[in-house]
Amino acid sequence: MTDAPSLRLVEITDDNFDAAVGVQVRDDQNRFVAPVLRSLAHAYTNRSTAWPRLLMDGDEAVGFIMVQFAPDEEDPDFQAEIWRLNISEKHQGRGYGRFAVEGALAEARRRGLSRVTVSWVPGEGSPEDFYLGLGFRKTGRVSDSELIAEIFLD
């Protein structure tokens, strides 16, 4: 990872759409996270709550994150939830995922939210260790066969 000032989360536009859909995780991770194109279609159908962002390092697209911000949602597990995190295969293990999640948590704080959730399909190669290492804690709840974890914001 290069210097942090060159890292930023940006809105998806016509100008960076191709770069966004070009973000590809490792083949063995495809069972854990949807491709960016599917996520953008999901964002389109959930325009009022989806927050999709492309992670840029300088002029290079290195990742993608999408969060749902739905503070009026009845179920607190889905009021602020990381829906997707895709880091390009060649950029994994360099701190980009941490930067993207920290950016999402900062946006949640900016919106006045105090808790963010994430969920994952359990199994070898899942992102469980990554999220737990960032401070998320398992809630003991499961949704659609995915374990739910939460982090409380300061």
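In the predicted model, seven strands are arranged as an open sheet of 7 strands in the order 1-2-3-4-5-7-6, and their pairing is mixed. From one strand to the next, the twist averages 30°.

Helix 2 (residues 36-45) touches strand 2, strand 3 and strand 4 (80-87), and its direction makes about 35° with that of strand 3. Helix 3 (residues 96-110) runs at about 35° to strand 3 and lies across strand 1, strand 2, strand 3, strand 4, strand 5 (115-120) and strand 7 (146-152).

Strand 2 (residues 50-57) is largely enclosed by the rest of the structure, because 8 of its 8 residues are buried. The burial extends to both faces, with Ala 50, Pro 52, Leu 54 and Met 56 covered on one side and Trp 51, Arg 53, Leu 55 and Asp 57 covered on the other. Strand 2 runs antiparallel to strand 1 (residues 7-11), to which it is joined by 5 bridges; among the paired residues, Leu 7 has Asp 57 as its bridge partner, while Glu 11 is partnered by Arg 53. With strand 3 (residues 60-69), strand 2 pairs in the antiparallel sense over 8 bridges, and here the bridge partner of Trp 51 is Val 67. Strand 2 and strand 3 form a hairpin with 2 residues between them, and Gly 58 in the turn has a positive phi of about 65°.

Side chains of opposite charge can pair when their charged atoms come close. In this model the count comes to 9 salt bridges. One of them joins the side chains of Arg 115 and Glu 150 at 2.7 Å, N to O; since Arg 115 lies in strand 5 and Glu 150 in strand 7, the pair ties together parts that are 35 residues apart in sequence. Arg 115 is buried, with a relative accessible area of 16%, and Glu 150 is likewise buried, at 18%. A network of salt bridges links Asp 77, Arg 115, Arg 141 and Glu 150.

A further salt bridge is formed by the side chains of Glu 107 and Arg 111 (2.8 Å, N to O), in which Glu 107 counts as buried at 11% relative accessibility, whereas Arg 111 counts as partly exposed at 39%. Asp 28 forms a salt bridge with Arg 26, the closest N and O atoms being 2.9 Å apart; Asp 28 is partly exposed at 45% relative accessibility, and Arg 26 is partly exposed at 30%.

Definitions and conventions
Residues are numbered from 1 along each chain as its sequence is written. This is a predicted model: local features need pLDDT of at least 70, side-chain atom pairs count only at pLDDT 80 or more; totals for chains, interfaces and linings use all residues. Side-chain values use heavy atoms; hydrogens and water are left out. Buried means under 20% relative accessible area, exposed over 50%, partly exposed in between (1.4 Å probe, protein chains only). Helices (H or I, at least four residues) and strands (E, at least two) are DSSP runs, numbered from the N terminus. Two strands pair if DSSP finds at least two bridges between them. Axes are lines fitted to C-alpha atoms, for helices over the stretch in contact, and angles run from 0 to 180 degrees between N-to-C directions. Contact means heavy atoms within 4.5 Å. A salt bridge is a side-chain nitrogen of Lys or Arg within 4 Å of a carboxyl oxygen of Asp or Glu.
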